[in-house]
Every structure is written in C-alpha cells, then in structure tokens.
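Please read the following account with the coordinates open beside it.

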Amino acid sequence: MIINIINLPRRTQRRADVTIQMEMEKCSYVFWDGVDGKIPKQNIHKAHKQIIQYAKDSKMPFVVVAEDDLKFTGSGAWKYFLDHIPSEVDIYVGGYYSGSHDNNFIVKGLRGLTLYICFEKYYDTFLSLPEHIHIDSAIAMSNAKVIVSPLFVVTQVAGYSDQRKRQCNDSHRL
C-alpha cells in the first residue's frame with residue numbers, strides 16, 4: 001500500500017524528516033507537490049484533491065494520503081493502522097489534533113488530516129468540498145463518516161504552518 005505524501009518542494013527538511021519516518025516503518029510512499037498560492041485554505045484543498053482525483057481516475061478502491069509533518073507514534077504504528085481499517089467508513093484517520101470521538105471511534109469536529117485513507121464511495125463528495133473553508137471543516141459539514149484508529153498512530157510535528165503562517169505546536173491537544 002502506497003502512502004501519497006503532500007510536500008511543498010521548497011520544504012526540503014520536512015521531506016527529509018518524513019522520509020525517515022517512512023523508512024523506519026518500512027512504508028511504500030510517493031511524494032506529491034503541495035500547492036503554493038495566496039490563499040492557504042484553497043492550496044490545501046487543491047493539494048489533497050489532486051491525489052483524490054488521481055485515485056478516482058485510476059479506479060482505486062481507496063487511497064492513503066499523508067501530510068509531510070507526519071510523525072509515527074511508535075514502532076509498528078503503520079502496521080497497526082492498516083490492521084484496524086474499519087468497514088463502512090468514508091475516511092479513516094490515524095489521529096487528530098482537535099476533535100473528539102465516541103466509543104465506536106467515530107470522529108466529530110475533526111482537525112487533522114496528517115494521515116488518512118479516503119474510500120472510493122467518498123471521492124466525489126471530497127472533490128466537491130467547498131474550498132473557502134478549512135478542509136477538515138468541509139469534511140465535517142459533508143456528514144462524512146470519519147473513524148479514527150483505536151490508537152493514534154501519528155502526530156503532527158511542531159513547526160511552521162503554511163496554513164496559519166506561524167510556528168505551531170499542537171502536541172498539548174493530544
């Protein structure tokens with residue numbers, strides 16, 4: 001299974017750091033260029049949507065997407081994530097930095113698409129999400145069934161956020 005990683009070409013240190021994470025977990029991966037522009041929300045949408053469109057055009061039953069600020073929570077995290085893929089879900093996430101979930105791991109108020117699997121039945125909805133709001137909020141507003149891994153397998157590395165245009169560290173939210 002291939003992880004499709006979004007990375008702005010100018011963010012060479014992030015690329016190097018996430019490559020180490022991929023190698024440690026023995027993941028297959030490919031990089032996709034992120035989108036630079038004046039409106040961060042739209043850039044993020046476009047970066048994610050290019051991968052979802054590729055999956056749709058390729059008739060893939062699902063696609064794994066990651067952002068380049070991913071850090072696995074421990075050895076074997078990737079395998080754990082794969083071993084716990086739920087059935088009947090639109091998006092399966094490896095963790096989040098804000099939101100909550102119930103006893104069935106159904107997420108409400110998702111913030112964080114650090115690592116996720118998007119399933120084919122949700123591709124068209126994903127591709128039609130409005131780009132004037134944060135992608136996480138757009139997913140929530142679409143009434144997607146989002147399930148989180150029983151154990152968080154990823155966190156978001158602290159650092160400069162291209163979306164927020166400042167240094168961010170959301171580790172206190174975990």
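Which residues have the most contacts inside the largest nonpolar core? Before the reply, a word on the basis: this is a predicted model, in which local features need pLDDT of at least 70 and side-chain atom pairs count only at pLDDT 80 or more, while totals for chains, interfaces and linings use all residues. Residues are numbered from 1 along each chain as its sequence is written, and side-chain values use heavy atoms, with hydrogens and water left out.

The residues in question are Ile91, Val93, Tyr116, Cys118, Phe126 and Ile139, in a core of 27 residues. A nonpolar core is here a set of buried Ala, Val, Leu, Ile, Met, Phe, Trp, Tyr and Cys residues joined through side-chain atoms within 4.5 Å, where buried means under 20% relative accessible area, exposed over 50%, and partly exposed in between (1.4 Å probe, protein chains only). Among the elements that each supply at least two residues of this core are α2, β3 (62–67), β8 (115–119) and α5, and α2 gives the most, with four residues; helices (H or I, at least four residues) and strands (E, at least two) are DSSP runs, numbered from the N terminus. A second, separate core of 21 residues includes Ile5, Met22, Phe31 and Val154.

The sheet is open and consists of six strands in the order β2-β1-β3-β8-β5-β9, with mixed pairing; two strands pair if DSSP finds at least two bridges between them. Because β2 (28–33) and β9 stand at the edges with a single partner strand each, one side of each is left without a neighbour in the sheet. Within the sheet, β3 and β8 run antiparallel and are joined by five bridges, and Phe62 stands opposite Phe119 in β8.

Helix α2 packs on this sheet, touching β1, β2, β3 and β8, where contact means heavy atoms within 4.5 Å. In helix α2 (residues 40–57) sits His45, which is buried, with a relative accessible area of 0%. His45 and His134 are 89 residues apart in sequence, yet 8.0 Å apart in space, C-alpha to C-alpha.

Notes
Axes fitted to C-alpha atoms, helices over the stretch in contact; angles between N-to-C directions.
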